[in-house]
Amino acid sequence: MANISQTGSYFIDKNKVLSLDDISSDAYAKQFRPIHSDYFQLGMVEGNVWIRTEVAIRTTDNTPVLLEVNSPRLQYLDIYLPTLPKGQVQVELGGARPYNNRQVKAPHYIFSIPANPPPVFTLYLKLSSHLPINADIELKTLSRISQDSQQEQMITGVLIGILFTLFVCNIFFYVKTSHPMYLIYSFLLVGIVVLHLSIHDQVAQFFPDQSNIQERMYNLSSLACLCAIVFFSRLYLNTKAHLPSIDKILITVGTINGIFAIIFSVTPNVINIKVLSLIVVGTLLLLTVHAIIAFLKNIPFSGYYLAARLTLLTGHFIWILSVYGIIPSVVLFEWGMTITIILEAMIHFSGMIVQATPLIQKNTLKGQYNQTEVMDFLADISNRLRRHINILGGGLSHLEKVTTSKDVKPFIASSQTANNNLKNIIERIDLLSDIKDNTPPAQPYPQPLNQLIDRAYNNIQRLDQDGTFIELNTHNTDHVEVLQNATILQQLIESLVQEFKHFTDQTLTLDITRHESNRDGITELEINCCPIPTRIQEPSSFDLGLHYILLLIRYLDGSMKTIDNERCISIKLPISIHIRPTTSDHLSQQQHFNIILFGQLDDDLQKALSILQSHSNRIEHVTTLENLLEHLEQPEKRKSGSIILVFDNGGHIPHITQQRLMPLMRVEDQCLLISNNVKMSLDYARKLGFDGLLACAELDNQLEQQLSKLIQKGDRLRNTSLSRVNPLRKTP
């Protein structure tokens, strides 16, 4: 395989008057400039672009060699081989010419190099287009082209599969609710599929004798999708009722997009393509302003809409930069737009699922359905969605394994997080059905309260899409085992954070306090959340947000009080608990753990030693991995657990260090990574096996708090063996 963009040179004939004889003459030979790029991008070019390269084919088994030009929106492509013995070979390809002109019927332009060429020959390509020129030009063998085509079709299949799943779900909701919003969004999803196929030039094969099919379908699908988004936005936010002046503007803009969709598809060459780009960008900016206004006015579901608008605006802007050659990236150009739109669609779909419940309620009242039928309908939705969500998760996991591009991986990670949120919504629906049926999840064994809180916090991190800041503090929760409704209590904590979290750098603080229990083993658990966002209002209808939280609180016989002047919510819950007997107080528990600092003695490690001087734990400093491993040998003979603080400063590789430590760590041992790497995330550190991550800049404020949490967690793990009650047995 050879990349022509790396070895070739180019010349721009602005007047479009030069022939092959002129270009190959000595007068113009010195005017060619080297490309020196993996991907040939020029943006908008007036004139003909000539590319010249010297080709040397060395194969031992007469393997066919093919020239592949991946440029879906290129209008004219001429290929010349003037130095071959049999004379000049010319092939006329391009989107402005019929699909039947292609030697090989494929989405890309493929030209077979004639057999038995000279050892070295010259290849000329002439490119011309009134659209931005983006071309991936390579010499490949037939097997390599087949392999690349299969990989591209596989990725396309996964993406279209996701869109098809969303389409089926929207049709289902439309049938059940009769709300036109779902029908319009279904048309939008179909338009997205056509847009993706047109970007990859997979539509022209259905119209083999027509010219400019790719450009016509691209123009039609892109503007038709915008038209659908505008009218969908009116229904999604009920703009006619909340923002009547903006509603008239949206109707006008949507109509303009529909008219221009027809104009650009019928006469693609009459109006400059920049006009289409301006229409698209202008419409997206208008919708973003609309989203911001709706969010500021606290219109229902405007948070989902704003997130979707910002996602599409940002993704489309980056994609436009790749189209015009400002960001030269073949991955962004081929996949950036489709992945961005899928992310936007999944955000919209999350909000539409939330909207479905009041719509279903409204429809139920009209049809005089009883509460049992409504809950059966919600359970049916959950069952139907679960299979599709599993398909999405499996497809994204496979796509993550086969994709090597760093530009695509963030999109996949965001899609996986969005898929996790859809799973969480299904879990809420299932729990709601169980509560309505008075069949809560079974709890065969007591659940440690601290362990329950840890699970809730970990699930929140897995669902976070916004990089929100959450601080969770516990008081008087050690050695407490919850005897009933642990699953509902955990779901309540997760829902509180999901509903009250801030979409800024403001921190949401949850204080969970256990008060003294009475003789019957009933204690009061107090949960204080502050500051809550200003968007939180009393629920006026049933939803999976604050109304769902109130249902969980009522089921647990609790109460919620809002403190307006402090922007806080206080929840008090009676819970049935059991206190595990302990043989020592909290201080002696801490002394059961040794603190080991591993790393070179620098300013950060010295600061940590200074902070830990007041601790009663045994503190040791180890500089080499061998000494640390020697210290941890024979874990079964150690009397104390270990809290290992690994400083990423001595040239050692953190994940290698963790792999060496894991076999020697006891179940209660904890390992905290302290790093100066600003790119390191908590999620990545946990994947490496660490129990936590702390930035060196946060040592003063966070070290003691992190250390206390790790000691508490280690103590809980050490005491995981729970007491059981032997069943009564009749004796004969």
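Helix H20 (residues 654-661) lies across strands E19 (593-598), E21 and E22, and runs at about 165 degrees to E22. Helices (H or I, at least four residues) and strands (E, at least two) are DSSP runs numbered from the N terminus, and angles, from 0 to 180 degrees, are taken between N-to-C directions of lines fitted to C-alpha atoms, for helices over the stretch in contact. Helix H22 (residues 699-718) also packs on the sheet, touching (heavy atoms within 4.5 Å) E19, E21, E22 and E23, and its direction makes about 160 degrees with that of E22. The model is predicted; local features require pLDDT of at least 70 and side-chain atom pairs pLDDT 80 or more, whereas totals for chains, interfaces and linings use all residues. Residues are numbered from 1 along each chain as its sequence is written, and side-chain values use heavy atoms, without hydrogens and water.

The open sheet comprises 5 strands in the order E20-E19-E21-E22-E23, with parallel pairing; strands pair if DSSP finds at least two bridges between them. Strands E20 (619-622) and E23 (692-695) form the edges, each pairing on one side only. The twist averages 20 degrees from one strand to the next. Strand E21 (residues 641-647) is joined to E22 (residues 670-675) by 5 bridges, and Phe 647 has Ile 674 in E22 as its bridge partner.

The largest nonpolar core contains 115 residues. Such a core is a set of buried (under 20% relative accessible area, 1.4 Å probe, protein chains only) Ala, Val, Leu, Ile, Met, Phe, Trp, Tyr and Cys residues joined through side-chain atoms within 4.5 Å. Helix H11 (residues 330-367) gives the most to this core, with 12 residues. A second, separate core of 28 residues includes Val 45 and Tyr 109.

How values were computed:
Buried means under 20% relative accessible area, exposed over 50%, partly exposed in between (1.4 Å probe, protein chains only).
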